[in-house]
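Keep the viewer open while reading.

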Amino acid sequence: MSLKIVLYEESEYAQRVETAFSEFHREEIELVCFCYKENLLAHLSLHNTDVIVTSEMMEIPAEIQEEEIPVLYLSEQRETGKNEVFRYQKLDDLVEEIKRKLKRQDRGTKLLVFTSMQGGSGVTSCALAAALYFRKQGFSAAYLDFSFPGIRQQTETAEENQYGIPEIPVFLGEFGTPVDTEKAGNILEEAKKEQKWEYLVADFPMYLDMLTEVLKKSAEEVIYICDGSPEGNRKFHEGENLWGDSVRKWVLYNKVDELSIQTEANGYAPLGGVMRDVSSDMKNIIEKTASLSVFEPFL
């Protein structure tokens with residue numbers, strides 16, 4: 001059965017794609033291009049369509065329901081979100097990316113919460129490394145930083161942070177004011193509902209225990225970070241029951257050395273350990289951790 005693709009885009013780009021497509025004999029692909037709304041709607045009324053590929057510049061007609069026909073958007077950036085494909089690539093690669101994105105449409109967006117009761121255990125570096133790992137595996141991932149509520153910038157769009165990972169804005173009130181838990185829930189709900197990203201990775205210190213209930217309502221996985229020290233293990237046991245049984249729970253030992261001891265962790269599956277690295281800066285640590293297989297169970 002052939003894959004039926006409709007490209008709805010400005011005429012110059014659509015013409016280039018049609019020209020490239022005409023050079024290949026594709027029994028498994030049917031591709032048609034339109035740049036006018038009327039022609040698009042007329043085609044859709046007569047023919048089955050598996051996916052519409054368009055851009056933010058083109059207005060999708062109200063008659064088209066994305067629940068019935070998936071829509072992918074052309075991106076100017078090579079690192080694409082869940083509902084995006086990279087515009088500037090060979091036609092073969094573009095088609096393969098479209099196929100991959102369609103296969104993942106039913107996966108939904110998974111929220112992974114990285115957390116700890118122990119300061120300095122490396123929650124941030126592990127969360128960022130996980131997001132980078134997913135991207136290296138061909139998935140889209142974004143980062144949410146709940147670690148310093150009240151002092152985040154009031155931006156409205158996701159922008160790449162200094163580690164090259166898209167960061168969804170988290171602003172929960174002015175500094176010194178109570179944390180806005182309702183707003184935190186809305187941020188998570190909207191980010192998952194939008195389904196732009198295949199993975200949302202949250203950085204959440206458990207001393208903000210008022211947010212625990214909010215996060216576990218949306219999370220699929222909770223990853224507790226512990227260094228295996230006596231103090232780290234004590235703090236782990238202080239907070240291990242806060243997440244209940246509604247989410248799948250894991251423990252990841254970070255900054256492991258010869259003194260680290262993995263404590264009994266009831267209800268927490270082991271993810272393994274990341275060796276202590278005192279020779280690298282933060283970015284190198286994140287990149288090294290992202291090259292490990294500790295995050296493979298979440299694929």
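**Overall make-up**

The protein holds 8 helices and 13 strands. This is a predicted model. Along the principal axes, the C-alpha atoms fill a box of roughly 65 × 40 × 35 Å. Of the 299 residues, 51% are buried. Residues 24 or more positions apart account for 67% of them.

The protein exposes about 15700 Å². Carbon and sulfur atoms supply 48% of that area. On the charge side, there are 32 positive and 53 negative charges. Their mean positions lie 4 Å apart.

**The cores**

Start with the largest nonpolar core. It has 32 residues. Val113, Phe146 and Trp243 have the most contacts inside it. Several elements give two or more residues to this core: strands E6 (110–116), E7 (141–145), E10, E11 (221–226) and E12, together with helices H5 and H6 (212–218). Which element gives the most to this core? The answer is H5, with 4 residues.

Tryptophan 243 is then in contact with Val113, Thr115, Phe204, Met206, Thr212, Leu215, Lys216, Val222, Lys249 and Tyr268. Val113, among these partners, is itself one of the residues with the most contacts inside the largest core.

There is also a second, separate core, of 29 residues. Its members include Ala130, Leu132, Ile223 and Trp250.

**Two backbone details**

Next, the backbone angles. Most residues other than glycine have a negative phi. Two residues are worth checking against that background.

Glutamine 195 is not a glycine, yet its phi is positive, at about 55 degrees. Where does glutamine 195 lie? It is in the loop between helix H5 (181–194) and strand E10 (199–205). Is glutamine 195 buried or partly exposed? Its relative accessible area is 29%, so it counts as partly exposed. The cut-off for buried is under 20%.

Lysine 255 is the other residue to check. Its phi is also positive, about 60 degrees, although lysine 255 is not a glycine. Lysine 255 sits in strand E12 (residues 248–256). With a relative accessible area of 28%, lysine 255 is partly exposed.

How values were computed: Residues are numbered from 1 along each chain as its sequence is written. This is a predicted model: local features need pLDDT of at least 70, side-chain atom pairs count only at pLDDT 80 or more; totals for chains, interfaces and linings use all residues. Side-chain values use heavy atoms; hydrogens and water are left out. Buried means under 20% relative accessible area, exposed over 50%, partly exposed in between (1.4 Å probe, protein chains only). Contact means heavy atoms within 4.5 Å. Accessible areas come from the Shrake-Rupley method with a 1.4 Å probe; for residues, only the protein chains shown count as cover. Lys and Arg count as positive and Asp and Glu as negative; His and the chain ends are not counted. The place of a charge is taken as NZ of Lys, CZ of Arg, CG of Asp or CD of Glu. A nonpolar core is a set of buried Ala, Val, Leu, Ile, Met, Phe, Trp, Tyr and Cys residues joined through side-chain atoms within 4.5 Å. Lists of a residue's contacts leave out its neighbours within four places in sequence.
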